[in-house]
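Let's take a walk through a protein model together.

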Amino acid sequence: MTKITKFFFSLLITLTVFIWAAVVKSPSGTGCNIYFFDVGQGDAALIEKGDYQILIDGGPDDKILSEIGKAMPLTDRKIEIVILTHPHADHLVGINQVLDRYEIGKIYSTGAIHTSNAYLEFLDKVKNKNIQLEVPDAGQEIVPFDNGELEFLWPGKRDVGKSAEDNNLNNTSLVNQFCYFDHCVLLMGDLETDGQAEMLNYYFSKQSEASVEKSESKSSQPLASNDNIFQSEILKVAHHGSVNGTNQKLLDVVRPKYAVIGVGADNKYGHPHAATLDLLQKASIQYYRTDRDGTIEFNLSESGITKK
């Protein structure tokens, strides 16, 4: 075999391996996938359909890069949407790593501020890369792809410019609901139970006001109800399973079939707390933990949600 023949034979093998790897890593089957990444004591989730991705938080370090690399096709170097729920390090630091490695289409956040070096680095990167940064309104919806819908439920623009001194940063968390056909995932960030009560009261008050208006107008048209706006088959548990992140009221409203807890092994906070796990068990909710189960993946299709 001549040197030229050997060169082209080696090149052919390399290309074959590359193409095979790209095919293996490409999303398979119908519907879309959502990954809850094992990034230690932190949160990071990826919604993916084909070559379209939505990243929600990035975890506490660069582990997010290897997790994204396992989920996304090798040839796909763009993430269309990034959502920063709030600027605590365990949700933010990995996003800074992602900004260095991937093209980002748009970023959503609540506009709450933090004086940490990681958050200042985040703002610098966003500015230098000229990435559009938007604070969504409560109830704002986007349609990323056919049959998919992402709604920003809370808190709207109320926390723009607020800091930890003004408010508990956990309670500035951007709460999102993603639905594919009629199958939904509710992502709570670190919103604590007092913040959840405020969010629920806001929506239930709107419903009551709409009911009064309908009664006064004596309209024969059916009223669009907010009763089940939070109902979701998957609940991303707030605040890593802390006792201040989940209560019975939330579970009664959401009525999830599955719950996912992003948490680090043997963390110093004792997350997830026993009281939270007890609530989930008593409600017959199948829960998964990234510290024990690793990265957790679901497939959403027209027919339902499947744990992979």
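Predicted model: local features only at pLDDT ≥ 70, side-chain atom pairs only at ≥ 80, totals over all residues.

Start with helix H3, residues 89-101. With 13 residues at 1.5 Å each, H3 should span 18 Å, and its end C-alpha atoms sit 19 Å apart, which agrees. Now check which of its residues are hidden. Asp-90, His-91, Leu-92, Val-93, Gly-94, Ile-95, Asn-96, Val-98 and Leu-99 are buried. So what covers them? The covering elements include strands S3 (52-56), S4 (78-83) and S5 (103-108), along with helices H2 (63-71) and H4 (117-128).

That brings us to H4 itself. Its 12 residues reach 16 Å from the first C-alpha to the last, close to the 16 Å expected at 1.5 Å a residue. Here the buried residues are Ala-118, Tyr-119, Phe-122, Lys-125 and Val-126. Because they cover an arc of only 120 degrees around the axis, they lie on the same side of H4. The general rule behind such patterns is that an α-helix has 3.6 residues a turn, so residues three or four places apart point the same way. The buried residues of H4 pack against H3, S5 and strand S6 (132-134). On the face turned away from that buried side you'll find the exposed residues Asn-117, Lys-127 and Asn-128. Just after H4, look for Asn-130, which takes a positive phi of about 55 degrees.

Zoom in on S7 and strand S8 (residues 148-154): they pair in the antiparallel sense over three bridges. Glu-141, for instance, has Glu-151 in S8 as its bridge partner.

Finally, the cysteines. How many disulfides does a search of the whole structure find? The search finds one, and it joins Cys-179 to Cys-184, with 2.0 Å from S to S. The torsion about that S-S bond is about 105 degrees, so the disulfide is right-handed. Are Cys-179 and Cys-184 buried or exposed? Cys-179 is buried, at 10% relative accessible area, and Cys-184 counts as buried at 10% too. Cys-32 has a relative accessibility of 2%, so it counts as buried.

Key: Residues numbered from 1 in each chain as written. Heavy atoms only, no water. Helix = DSSP H or I, 4+ residues; strand = E, 2+ residues; numbered from the N terminus. Expected span 1.5 Å × (residues − 1). Buried < 20%, exposed > 50% of the residue type's maximum accessible area, 1.4 Å probe, protein only. Contact = heavy atoms within 4.5 Å. Disulfide = S-S within 2.5 Å. Pairing = 2+ DSSP bridges. Arc of directions from axis to C-beta.
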